[in-house]
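These are my notebook entries from an afternoon of looking things up.

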Amino acid sequence: MIEVDRIHVRFGEGPGAFIALNDVSVTIGESEFFTLLGPSGCGKTTLLRSIAGFIHPNEGAIRLAGQDILSLPPFKRPVNTVFQNYALFPHMTVAENVGFGLEMLGRPRAEVTRTVEEMLALVKMTAMANRRPSELSGGQQQRVALARALAPKPKVLLLDESLSALDLKLRKEMQIELKRLQSETGITFIFVTHDQEEALTMSDRIAVMSAGKIRQIGTPREIYDHPRERFVADFIGDTNFVQAKLFADGTVELPGGARIRASLPKDAVPANRAVTLVIRPEQTVLEQAPEQAQLSGVLENVVYCGTDTHYHLTLTDGARFVVRRQNNPARPVTFEKGQRLGIGFDPQAAQVLEG
Amino acid sequence: MAATQPNTDLVAANRRETRNRWLLLLPAIVILLAAAIGPLIVVVLYSFLVAGDYGGVVWHFSWDGWLGVFTTSDPFDGTLSLADAHISILWRSVKLSALTTLFCLILGFPTAYFIATRPVSQRDGWMLLITIPFWTNLLIRTFAIMGLIRNEGLVNGFLEWLGIIDQPIQMMFTDFAILLGMVYVYLPLMVLPLYASMERLNFSLIEAAYDLYATPFRVLRRVIIPAVKPGVVAGSILVFVPSLGAYVIPRILGGGTQLMLGNLIELQFGQARNWPLGAALSLTLLVMVTAALIVYVRASANEGE
Ligand SMILES: Nc1ncnc2c1ncn2[C@@H]1O[C@H](COP(=O)(O)OP(=O)(O)O)[C@@H](O)[C@H]1O
Ligand SMILES: [Mg+2]
């Protein structure tokens with residue numbers, strides 16, 4: 001559907017130029033909810049603006065349904081954007097805002113009116129049709145911006161941090177709303193966020209970016225369970241990194257000597273080398289008997305967090321390790337600080353990373 | 001009785017506050033009376049009096065001043081006929097002021113847009129350049145224009161040197177000269193409010209319009225111009241109003257021949273010694289300016305809703 005093919009974007013000239021996108025390639029399918037996730041400044045907006053046509057990449061190609069769109073100006077690309085600050089036209093009513101794109105496309109007045117009504121109903125803003133943007137709350141402006149971008153029925157909808165300005169409760173509501181709109185319209189959504197939780201809950205697939213590069217593309221489950229590099233594992237969710245050694249037979253030796261069959265990366269890793277194991281805190285349990293567990297550590301700190309409790313341990317090699325346990329008042333447990341405890345986990349839930 | 005005590009205190013306090021408020025307003029009221037309303041009353045009064053033989057007025061009621069705005073009376077039989085000279089001057093004033101406003105808008109809009117789209121650090125420098133002419137006396141600036149366009153001036157000299165013309169083009173003492181002078185002098189008054197409104201323009205609105213299939217021309221018409229409309233209206237008024245009353249520029253660049261309303265008024269108080277007519281003409285100018293301001297208020301009220 002939309003193919004970004006090895007694009008490079010540089011700001012400035014010569015040796016002082018800043019490389020905002022470095023050899024970025026991604027293919028996004030029809031009706032997909034695709035998320036660009038990464039820390040601030042990693043190039044998400046730059047990629048989105050390249051697709052919208054506001055930035056012309058120095059190298060590479062962007063194809064939409066097989067056709068190269070790089071030579072097209074923004075107003076000729078069948079792509080619409082929901083801007084981060086909404087960018088609603090202040091001198092137009094809500095209905096005029098929503099109808100603007102269709103009007104520019106030269107659609108008959110009757111069709112414009114009908115589509116505007118449909119779109120306003122879709123985002124539940126029919127009652128506000130004759131208001132000005134300045135008379136709306138942030139969440140309402142957000143909906144109008146969405147309706148305006150959806151009205152011309154673009155092939156691709158680009159959303160740049162569209163929810164980050166909203167407060168938590170409204171954001172949760174809009175997340176559900178966005179998913180509903182996406183499945184009802186069947187339009188491909190490219191959604192930008194720096195919020196990993198938002199990305200995990202909403203996306204069909206996620207591209208994790210950092211420093212102008214795409215680090216990993218996959219479903220939320222793939223990204224979370226099988227990160228391909230340390231940056232991805234660290235950025236998404238809380239993580240324990242454990243130093244280990246990989247042997248030729250595919251087993252991994254943990255600090256303390258235990259050997260397990262952990263989840264190996266798709267690309268082969270040279271054997272007899274130091275590797276890093278990624279182990280999620282909620283996929284581990286504490287055991288009273290350290291001798292039988294895969295890992296063991298001394299309990300340093302216990303942090304109560306409402307739904308669960310975090311146990312901070314120090315492993316035998318000195319590394320820090322966190323175990324998360326869901327609180328259950330019916331089955332209270334007590335672990336003493338300074339106590340030596342075992343850490344248990346399913347070996348398949350431990351991901352091996354190179355280096 | 002005790003219950004009413006605080007009440008009378010309150011009344012006294014209120015009265016004191018009212019008095020203080022009037023005291024505070026007094027300077028403003030005095031200035032308003034002395035500087036605006038007083039002279040206006042004098043001008044209105046004079047316009048209904050008889051002209052004195054050597055200037056000044058004779059205290060007799062008369063319509064002559066007002067009749068003189070649009071008519072002339074035959075010196076022999078006293079019959080009235082339309083004052084073609086006055087009407088053509090009035091028309092020239094309105095026409096040249098409107099054209100000045102239009103050209104200032106055409107030149108000022110891209111200028112203001114250019115400055116508003118520079119990096120923030122450079123904008124002040126550009127605005128400084130725009131305002132530099134204000135530092136020079138109007139008379140000197142007008143003579144500078146004259147130096148450019150007179151028959152032996154720079155423009156004609158250059159064209160002759162190039163061999164494009166062999167006779168100098170007569171530019172001085174024409175409507176063109178006045179127009180050129182006024183556009184040059186009043187252009188900053190257009191650029192300043194335009195720039196102020198463009199600087200506040202949210203440039204992501206332009207991107208949003210591009211994104212929604214608007215061609216560059218339609219972005220200009222549907223998004224940029226409506227957004228900067230208050231600046232356009234303010235700039236137009238700031239240029240139109242002083243143009244209508246312009247005096248120095250038509251006097252120098254128009255010679256004695258291409259008069260504008262300001263020169264006509266000056267003539268009545270000076271050489272012609274017809275103060276009532278001068279007063280009536282001044283009030284005519286005031287009415288025109290007020291009409292322009294009403295248009296302005298209407299236009300900006302529409303914007304504000
Ligand atoms: N017009 C520009 N000129 C120079 N550098 C820019 C420009 N736009 C963005 N950048 C830089 O490119 C990097 C990526 O920016 P951006 O794509 O906006 O990041 P993100 O949206 O992921 O936060 C940032 O370091 C930013 O400073
Ligand atoms: Mg961004």
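How many helices and strands are there in chain A? I counted through the assignment and found eight helices and 20 strands. I noted at once that this is a predicted model.

**Entry 1: chain A as a whole**

I looked up the extent of chain A along its principal axes, and its C-alpha atoms fill a box of roughly 75 × 55 × 35 Å. Then I checked burial: of the 355 residues in chain A, 51% are buried.

**Entry 2: around ligand 1**

Next I listed the shell around ligand 1. On the list I found A:Phe11, A:Phe18, A:Ala20, A:Pro39, A:Ser40, A:Gly41, A:Cys42, A:Gly43, A:Lys44, A:Thr45 and A:Thr46.

Helix 1 of chain A gives the largest share, three residues.

I then looked at the polar contacts. A polar side-chain atom of A:Thr45 lies 2.6 Å from an oxygen atom of ligand 1. For A:Gly43 I found a backbone N or O atom 3.0 Å from an oxygen atom of ligand 1. For A:Cys42 the atom is again a backbone N or O, and the distance to a ligand 1 oxygen is 3.2 Å. Taken alone, ligand 1 exposes 560 Å², and the protein buries 59% of that.

**Entry 3: strand 1 and its partners**

I followed strand 1 (residues 2-11) of chain A next. It runs antiparallel to strand 4 (residues 59-64) of chain A, and five bridges join the two. In this pairing I saw A:Ile2 opposite A:Leu64 of strand 4.

Strand 1 of chain A is also joined to strand 2 of chain A, by seven bridges in the antiparallel sense. Here A:Val4 has A:Val26 of strand 2 as its bridge partner. The hairpin of strands 1 and 2 of chain A has six residues between the strands, and in it A:Gly12 takes a positive phi near 90°.

**Entry 4: strand 11**

Is strand 11 (residues 240-246) of chain A enclosed or open? Five of its seven residues are buried, so strand 11 is largely enclosed by the rest of the structure.

I checked its neighbours too. Seven bridges join strand 11 of chain A to strand 14 (residues 273-279) of chain A, running antiparallel. In strand 14, A:Ala274 stands opposite A:Lys245. With strand 12 (residues 252-253) of chain A, strand 11 pairs over two bridges, also antiparallel. There I found A:Leu246 opposite A:Val252. The hairpin of strands 11 and 12 of chain A has five residues between the strands, and A:Gly250 in it has a positive phi near 90°.

**Entry 5: an open sheet of five strands**

I traced an open sheet in chain A with its strands in the order 15-19-16-17-18, paired antiparallel.

I zoomed in on strand 17 (residues 308-315) of chain A, which is joined to strand 18 of chain A by seven antiparallel bridges. In strand 18, A:Val322 is the bridge partner of A:His312.

A:Ser31 has a phi near 55°. It sits in the loop between strand 2 and strand 3 (33-37) of chain A, and at 34% relative accessibility A:Ser31 counts as partly exposed.

The other is A:Lys153, with a positive phi of about 50°. I found A:Lys153 in the loop between helix 4 (138-150) and strand 7 (156-160) of chain A. A:Lys153 is exposed, with a relative accessible area of 52%.

**Entry 6: a serine in chain B**

Last, I turned to B:Ser236, in helix 9 (residues 216-244) of chain B. Its relative accessible area is 17%, so B:Ser236 is buried. A polar atom of its side chain lies 2.7 Å from the backbone oxygen of B:Val232.

Terms used. Residues numbered from 1 in each chain as written. Chains lettered and ligands numbered in written order. Predicted model: local features only at pLDDT ≥ 70, side-chain atom pairs only at ≥ 80, totals over all residues. Heavy atoms only, no water. Near = heavy atom within 4 Å. Polar contact = N/O pair within 3.5 Å; in protein donor to acceptor, adjacent residues only side chain to side chain. Areas by Shrake-Rupley, 256 points an atom, 1.4 Å probe, with all protein chains shown as cover. Helix = DSSP H or I, 4+ residues; strand = E, 2+ residues; numbered from the N terminus. Pairing = 2+ DSSP bridges. Buried < 20%, exposed > 50% of the residue type's maximum accessible area, 1.4 Å probe, protein only.
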